[in-house]
Amino acid sequence: TQFVYLFFSIVVTTVSCMKLRSKEASTCIARGAEREDTVVISPGVQNPQWGNWGKAQFCAAGAFARSVRVKVQPFQGDGEADDTGVNGIEFLCSDGCVMTSTMGSYGEFAANKTCPGTNENGFVDSLQFKSSEGFGSGLGENDNTGIDGLRWCCSAGWGWTQTINGYKGSLGERASCPAGTAIYGFQAKLQDRGQDKKGMTDAKFFCAPFGEVIEVPTTEAPNY
């Protein structure tokens with residue numbers, strides 16, 4: 001009887017561990033490293049001096065950014081409530097692991113969007129940020145945000161895959177990976193302290209070769 005109980009306990013423990021590992025694999029954190037032939041790109045912003053850089057994360061070797069979730073705070077009104085705009089970006093790599101960087105405390109995640117194409121050709125490869133000039137210090141009419149909105153697109157498909165409009169500012173210079181490369185790494189800059197918090201203020205994206213660019217039709221209309 002003791003032998004049967006011991007055997008059953010071992011089987012249950014082994015199965016439980018297998019389930020745990022399976023669950024962890026589906027929500028794993030990207031722990032790759034910077035690759036050879038990397039090109040670093042940064043979309044234009046109006047006040048890149050604000051904030052502090054978080055740690056960069058990288059998809060594992062052979063994986064690239066496939067899906068995107070943007071954390072953004074809705075407009076807080078014209079009173080003394082603090083606006084922070086975009087508070088962070090979370091990428092899902094093509095191997096199922098999550099890649100992010102420093103993340104602000106405010107807002108909610110917008111709907112996850114995935115690139116057209118497949119795990120072999122549909123990766124994030126271009127972004128554009130919306131930002132404002134500095135308005136001074138304090139809140140109200142002097143309230144500042146870093147990155148107020150953004151839009152991004154992919155190596156497959158056409159047009160912008162997703163646009164987070166924001167509520168102030170203008171679009172800066174677009175940053176795109178060279179042809180045949182896509183984003184596999186991400187580092188964000190954040191200002192999340194003080195009276196006038198500014199959310200995400202700048203970012204770097206790491207591009208590396210993945211293969212030939214393939215145009216894949218998408219059912220979504222381009223959003224310009």
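Colleague: Which residue is the bridge partner of tryptophan 53 in β14?

Modeller: Two strands count as paired if DSSP finds at least two bridges between them. Strands themselves are DSSP runs of E with at least two residues, numbered from the N terminus. In this case, tryptophan 53 has lysine 189 of β14 as its bridge partner. Strand β2, residues 52-53, pairs with β14 in the antiparallel sense over 2 bridges. The model is predicted, so local features need pLDDT of at least 70 and side-chain atom pairs count only at pLDDT 80 or more, while totals for chains, interfaces and linings use all residues. Residues are numbered from 1 along each chain as its sequence is written, and side-chain values use heavy atoms, with hydrogens and water left out.

Colleague: Which strand do 10 bridges join to β14?

Modeller: That strand is β15, residues 199-209, and it runs antiparallel to β14. Within this pairing, phenylalanine 186 stands opposite phenylalanine 205 of β15. Strand β3, residues 57-58, also pairs with β14 in the antiparallel sense, over 2 bridges. There, phenylalanine 58 stands opposite glycine 185 of β14.

Colleague: Where does the disulfide of cysteine 115 and cysteine 154 sit in the chain?

Modeller: The sulfur atoms of cysteine 115 and cysteine 154 are 2.1 Å apart. Cysteine 115 is in the loop between β8 (113-114) and β9 (124-131), and cysteine 154 is in strand β10 (residues 147-154), so the pair ties together parts 39 residues apart in sequence. Cysteine 115 counts as buried because its relative accessibility is 4%; cysteine 154 counts as buried at 9%.

Colleague: With which cysteine does cysteine 177 form a disulfide?

Modeller: Cysteine 177 is bonded to cysteine 207, their sulfur atoms 2.0 Å apart. The pair links distant parts of the chain, 30 residues apart: cysteine 177 is in the loop between β13 (175-176) and β14, and cysteine 207 is in strand β15. Cysteine 153, by contrast, is in no disulfide; the nearest cysteine sulfur, that of cysteine 154, is 6.6 Å away.

Colleague: Which side chain meets that of arginine 69 in a salt bridge?

Modeller: A salt bridge is a side-chain nitrogen of Lys or Arg within 4 Å of a carboxyl oxygen of Asp or Glu. The rule gives a count of 1 salt bridge. Its members are arginine 69 and glutamate 90, at 3.0 Å from N to O. Arginine 69 lies in strand β4 and glutamate 90 in strand β5, so the pair ties together parts 21 residues apart in sequence. With a relative accessible area of 27%, arginine 69 is partly exposed.

Colleague: How many aromatic pairs are counted?

Modeller: Rings of Phe, Tyr and Trp (its six-membered ring) pair if their centres lie within 6.5 Å; planes under 30 degrees apart count as stacked, over 60 as edge-to-face, and the rest as tilted. The count comes to 9 aromatic pairs. Among them, phenylalanine 58 and phenylalanine 206 are edge-to-face because their ring centres are 5.0 Å apart and their planes stand at 70°. This pair links distant parts of the chain, with phenylalanine 58 in strand β3 and phenylalanine 206 in strand β15, 148 residues apart.

Colleague: Which lysine lies over the face of tryptophan 53?

Modeller: A charge sits over a ring if NZ of Lys or CZ of Arg is within 6 Å of the ring centre and within 35 degrees of the ring normal. Lysine 204 lies over the face of tryptophan 53, at 4.7 Å from the ring centre. Lysine 198 lies over the face of tryptophan 50, at 5.0 Å from the ring centre.

Terms used:
Helices (H or I, at least four residues) and strands (E, at least two) are DSSP runs, numbered from the N terminus. A disulfide is a pair of cysteine sulfur atoms within 2.5 Å. Buried means under 20% relative accessible area, exposed over 50%, partly exposed in between (1.4 Å probe, protein chains only).
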